[in-house]
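Keep the structure open as you read.

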Amino acid sequence: MSVRVLVADSDADRSKAIVGACEARDIRCEASAQGPDALEAALAVSPSAIVLQVDLPLIDGATLALILRANPRTREIGLLFLSDRPDAAEIEDLDGDVLVAPIDPEAVVRRLQVMLMQNDAADPGPADQLGPGGVEGQLAQVPLGDLLQLFHGGRKTGVVELARSDGREGELSGRIVLSAGDVVHAETGVTGGEKALYRLMGWDRGSFSFRPEPVSGAPSIKTPTRALLREARRQLAESAQLAFDLPPSDSHAVLQVTPGSLPTVIHPLTEEVLGVLEDCSQVSEILDRCRFPDYQVLRTLHTLVERGIVALRTEPGTFGEGTPRSTLFNPAQVGRLREWMDASRPRGGPNPDAKLLLVASDDRARRDIALLLGAVPDVELDARLAVGAFGASDLAPMGRVVVDSQTGIEIIHLPIADRFAPLWPAAGHGALGTVCVLSSPLAEAAEAIRTVEQELRKRARARVFYVALMEKIDDVATETLRDQFELVDASSLFLIPLDDAERAQDRIRDLFARIVP
């Protein structure tokens, strides 16, 4: 069978990581380290996509792209450029999408998946498939920013339709119009233009479909697309950092001072927010009525609250602290958990808690992790753990993480003894993930859970996290676990010091933040 993807990159470690990430998703792959070898491979097998280093030795990426585009056999190959130079994203004659360092192999794979889906959609298929050149999928697998980057690089013209189910707001939809790869219009609800695009970029769940079609009408967005996407990512990053401080959309903002006491010269954004406050109070409505992006409006409201000019209330006419908030999850994470749970349960079915499996290498690991979890305010542990009555053979809930008044995560202890092997696949079905807890010595602990860990990792989209409980943390421990479990990176590995309670709690919080889909 011919390869589907060629990785042409002189950085051996990066190339290996990208190839490994591709193969983990059943994307056939081969690698080249120099321009001539990459050209020979591309001409021989005509891959569907090429990951191409801009500064490739002997024949650089831009020159190689020109050669490929001039050949009828290779002119339709999708190109994804990699560069260690930040300014490479601004080079207009690179005929494809561009990723600049630091480069995440997972981000590379996500963009490749869209390229491959576009190629598959262009082939004849079932009657219910999208038309030629169309593509559809889930935002959980392919983020909207990656989609728009690829459509921009491919100079696509058409419409991206978005849909998302929200338990609090019902069905939400959005629409983005592209002309020769440039975003020229966006809309969602009553909001349009750049503001709508920034709001849609915050969607990390839901479905998308792209249909090539002619576009008409005056553009509502004129900012260059790459600048738009950079600004959207900046706003999302800052919003995530301030998530606990920004007002919830279902809260109400009420002016606490008389209009005459306000300064006569204020920022236009602040002036607009205060003007809208005269007609409405619910934060979600304020966001819709203001012309500025949601993040800027929320940040302005936060500043006004800090200065005592505005107060937040749970509903009009009643003071309060707003919706109770989890100490483990910020509002955006709570929303993603709810949406993941809504998508996982049968239509019309009950709303059970999410399920998280816990595998402990021995009694000491199970006891120590229970003590750490018990110190977290939002975790309710099974009473048997406190009296030592919870054993290694108990396939039962260890406790529950309270997310909010309606949502929780049940922590299920999964025994590691071989006689429980027939139950492991059933226990893993529909789980958020599995947390493997290991005590020292790490090599022996890893061997103790190896069989169950490997069985659970076989499941499609399995998510496994590794927690090492140690008296002393060092680099040797990290390398030991990475080797034992063949981890490409350390994003799923958490080393927790037992002799530093404050740092241990921080790592527990990091773990739960990573568990959120």
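Helices (H or I, at least four residues) and strands (E, at least two) are DSSP runs, numbered from the N terminus. This is a predicted model, where local features need pLDDT of at least 70 and side-chain atom pairs count only at pLDDT 80 or more, while totals for chains, interfaces and linings use all residues. Residues are numbered from 1 along each chain as its sequence is written, and side-chain values use heavy atoms, with hydrogens and water left out.

Counted that way, the protein has 17 helices and 20 strands. Of its 517 residues, 47% are buried (under 20% relative accessible area, with exposed meaning over 50% and partly exposed in between; 1.4 Å probe, protein chains only). Contact means heavy atoms within 4.5 Å. Among contacts with a separation of 6 or more, 66% link residues 24 or more positions apart.

Now find Glu 471, in the loop between β19 (464-470) and α16 (475-485). Glu 471 counts as exposed because its relative accessibility is 52%. Together with Asp 499, Asp 500, Glu 502 and Asp 506, Glu 471 forms a negative surface patch. Such patches are made of residues with over 30% relative accessible area and no salt bridge, like charges being joined within 9 Å; a salt bridge is a side-chain nitrogen of Lys or Arg within 4 Å of a carboxyl oxygen of Asp or Glu.

Leaving aside neighbours within four places in sequence, Asp 368 is in contact with Leu 469 and Leu 498.

Note on methods. Patch = residues over 30% accessible without salt bridge, like charges linked within 9 Å, V, L, I, M, F, W, Y side chains within 5 Å. Areas by Shrake-Rupley, 256 points an atom, 1.4 Å probe, with all protein chains shown as cover. Lys, Arg positive; Asp, Glu negative; His and termini not counted. Charge placed at Lys NZ, Arg CZ, Asp CG, Glu CD.
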